[in-house]
Amino acid sequence: MAGSLPPADGVLASGIRPSPEFLARRRLKDRIMRGLLFAAASLSVLVTLAIVYVLASESLAFFRHVGLVAFLTDTQWTPLFAEPHYGILPLLAGTVTISAIALSVAIPAGTVLALYLSEYADSRLREVVKPLLEMLAGVPTVVFGYFALLFVTPLLRRLFPDLPGFNMLSPGLVMGVMILPYIVSLSEDAMRAVPDALREGAYALGYTRLQTAVRVVLPAALSGVTAAYLLGMARAVGETMVVAIAAGQNPNFTFNPLEGAATITTYIVQVSLGDVAYGTIAYQSIFAAALTLFLLTLAFNVLGFFLRRRFREVY
Amino acid sequence: MTLAAPLPAEPAPPSARPDEARPAEIRAKAAVEDLSFWYGPKQVLFSISMPVAEGCVTALIGPSGCGKSTFLRCFNRMHDLYPGNRYAGRILLEPEGIDIIGPKTDPMVPRMRIGMVFQKPNPFPKSIYENVAAGLRIRGVRSRTVLDAQVEKSLRRAALWEEVKDRLHASAHTLSGGQQQRLCIARALAPEPELLLLDEPTSALDPIATAHIEELIDELSRRYTIVVVTHNMQQAARISRFTAFFHLGRLIEFGPTEEVFTRPRETMTQDYITGRFG
C-alpha cells in the first residue's frame with residue numbers, strides 16, 4: 001500500500017516508491033490542512049475588521065451631530081446632561097494621566113527586575129520568581145480595583161491628607177503593579193535570547209556584570225523590550241475595572257493625579273451598563289470614545305512596529 | 001625575572017645562515033603549571049604545563065573535543081561565567097607572576113590585560129566606533145582625542161580602517177562576517193593587551209576572509225603575544241612559532257612549530273599532522 005519493496009536480490013537500489021494513491025491522499029490532506037489554517041487566520045482578521053466597521057459606522061452617525069472640532073477641542077464631556085457637551089479631552093486626559101503613572105511604575109521596575117532575573121539570578125531563583133509574577137497577572141482586575149480603592153487610597157491619604165476617595169494616583173500605581181508581570185516576562189525573554197557569545201565578548205573585554213547587563217544585553221534586547229513596553233502601554237490605556245472603581249466616574253479635564261477623573265473606558269462601561277436608548281447620540285458617543293481608544297492603541301502599535309524595525313538585531 | 005617553566009630550546013639554526021631576525025632570548029609571557037580543569041564532575045584538562053612565549057604566536061592544535069578551546073578560555077577565566085566549573089594548578093601571568101586562576105585573584109585583573117577574539121564574530125549592538133572604543137571606555141578613558149586616536153590605530157592594525165573610515169558611526173551589524181571578525185580583533189587590540197587569545201578566529205569565515213585574518217595575525221605577532229586555537233594544520237604551520245598538540249585533554253607535545261611539524265617526538269602527533277586521525 002505504502003510502497004513496494006525492490007526485489008531482494010536486486011543489486012542496484014531502485015528506491016522504495018510510494019503508490020500514486022498514497023501520494024494523492026497526502027496531497028489532499030495537505031490541501032485540507034492549508035484550508036483550515038487559512039480559515040483560522042482569516043477569522044481573526046475578519047473579527048478585527050468587523051469591530052473596526054461597527055466602531056466606524058456608529059461613530060460616523062455620532063459625528064453627523066457633533067463636529068469633529070468640537071469633539072477634539074471642547075473641554076467638557078456631558079452627553080447625559082440636558083445641555084450636552086461632547087469634548088473627548090477630559091476622558092483622554094484621565095486615560096493619559098493614569099497610564100503615564102502606571103507606566104512610570106512598571107517600566108523602570110519591570111526593566112530592572114527583568115535584568116536581575118536574566119543576568120543575576122540563578123536558575124532556581126528564576127524558577128520561583130517567574131511563576132509568582134505570572135500569578136500576579138492572573139489576579140482578576142476587579143480585585144486590583146478594590147485593592148486600589150480600599151487599601152492604596154487610604155494609605156496615600158496619610159501622605160496627602162486632602163486626597164479625595166476617587167483619584168488617579170492610586171489606580172495608576174496599582175495598574176503599574178498589574179502590568180508589571182507582562183513587562184518583566186516579555187523583557188526577560190528578550191534578554192535571555194541575547195546570545196552568550198555577546199556576554200562572553202563583554203566579560204573578556206573587562207566588563208563587569210552590571211556593565212554587561214546595561215551596556216550590552218539591554219541594547220541587544222531592545223526590540224523585544226520595546227515590544228514589552230508597548231504591550232504594557234496598550235494594557236494600561238485599555239484597562240477598565242481598576243479605573244472605573246478607584247478613579248471615579250466624573251469626567252474632569254485635569255492632569256493632576258491627586259484628583260479623580262473618568263477615563264475613556266470608564267465612560268464606556270458606565271454608559272453601556274446604564275439605560276441609554278439605542279440610536280441616541282449618547283449611545284453613539286460610546287462608539288466615538290471607543291474609536292478614539294482604538295486609534296490611540298493603534299498609534300502605539302505602529303510606533304512600536306517602526307521602533308522594532310529600527311532597532312532590530314538579528315542573531 | 002625568572003621563567004616559571006623553561007622554554008624548549010629553539011631548533012639550531014642552519015650553521016651557514018644564522019637567523020638574525022629572532023631575538024637572542026625568548027621570555028615567557030605566561031607559564032601554565034600543572035593545570036587541570038573540570039566541567040562539573042567531568043575532568044577535561046589533565047595536568048597541563050607549558051609556557052607562552054612573549055612576542056610569539058603559539059598555536060594550539062588537536063582534534064575536536066581535545067580541550068584546546070577549554071584551555072584557552074582558562075587564561076581569561078571565561079569559565080567563571082558558568083556555574084560548576086573548577087580549576088586546579090596555576091597559570092602565571094608574567095612579569096609579576098600573578099596566578100590567573102588563583103582563588104584570590106579577581107578575574108578582572110587578567111581580563112584587563114588579556115584580549116580575546118572568539119570563533120564567531122560577536123560585535124556589540126553599537127556603532128563600529130563604539131565597538132572599538134568599548135574596552136577603552138570601561139578602562140576609564142574619556143578624552144575624545146585619545147579615543148579617536150586609539151580607535152583609528154586599532155582599526156588600522158586590524159586592517160579594517162580603509163573600509164570603515166567613512167562610516168565609523170554606522171552599526172557594526174552592517175559589516176560582512178570577515179569585517180566583523182576584524183572589528184572584533186580591533187576591539188580586542190584597542191586596550192593594548194599584553195596577551196591576545198584567538199579561539200579559531202577563522203572557522204566561521206570564507207577562504208578570502210581567512211587569508212586576510214592570517215596575514216593580520218602574522219602582522220600582529222611583531223607587537224603582541226598571541227595564543228591561537230586552530231583546526232587547520234596548515235594555518236598553525238604558517239602563522240605560529242610554537243605549537244602545542246592536545247589530545248583528550250592532555251598536552252601530548254609542545255615545541256617550536258618547525259620541530260613539531262617536521263620531527264614530532266610523539267607518534268600521535270605525527271599521525272595527527274599527517275591526517276591519519278582527527
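Which backbone oxygen lies 2.8 Å from a polar atom of the side chain of Thr292(A)? I found that it is the backbone oxygen of Ala288(A). I am working from a predicted model, in which local features need pLDDT of at least 70 and side-chain atom pairs count only at pLDDT 80 or more, while totals for chains, interfaces and linings use all residues. Residues are numbered from 1 along each chain as its sequence is written, chains are lettered from A in the order in which they are written, and side-chain values use heavy atoms, with hydrogens and water left out.

Thr292(A): I located this residue in helix H12 (residues 281-311) of chain A. I noted Thr292(A) as buried because its relative accessibility is 16%, buried being under 20% relative accessible area with a 1.4 Å probe and protein chains only. Leaving aside neighbours within four places in sequence, I listed Phe71(A), Ile88(A), Leu92(A) and Ile264(A) as in contact with Thr292(A), contact being heavy atoms within 4.5 Å.

Interface: I then turned to the two chains and read that 19 residues of chain A are in contact with 24 residues of chain B. Between them the chains bury about 1,700 Å², of which 63% is on carbon and sulfur atoms; buried area is the accessible area (1.4 Å probe) lost on putting two parts together, summed over both. In chain B, the residues that lose the most area to chain A are Phe124(B), Pro125(B) and Ile138(B), together 33% of what that side buries.

Definitions and conventions. Helix = DSSP H or I, 4+ residues; strand = E, 2+ residues; numbered from the N terminus. Buried < 20%, exposed > 50% of the residue type's maximum accessible area, 1.4 Å probe, protein only. Polar contact = N/O pair within 3.5 Å; in protein donor to acceptor, adjacent residues only side chain to side chain.
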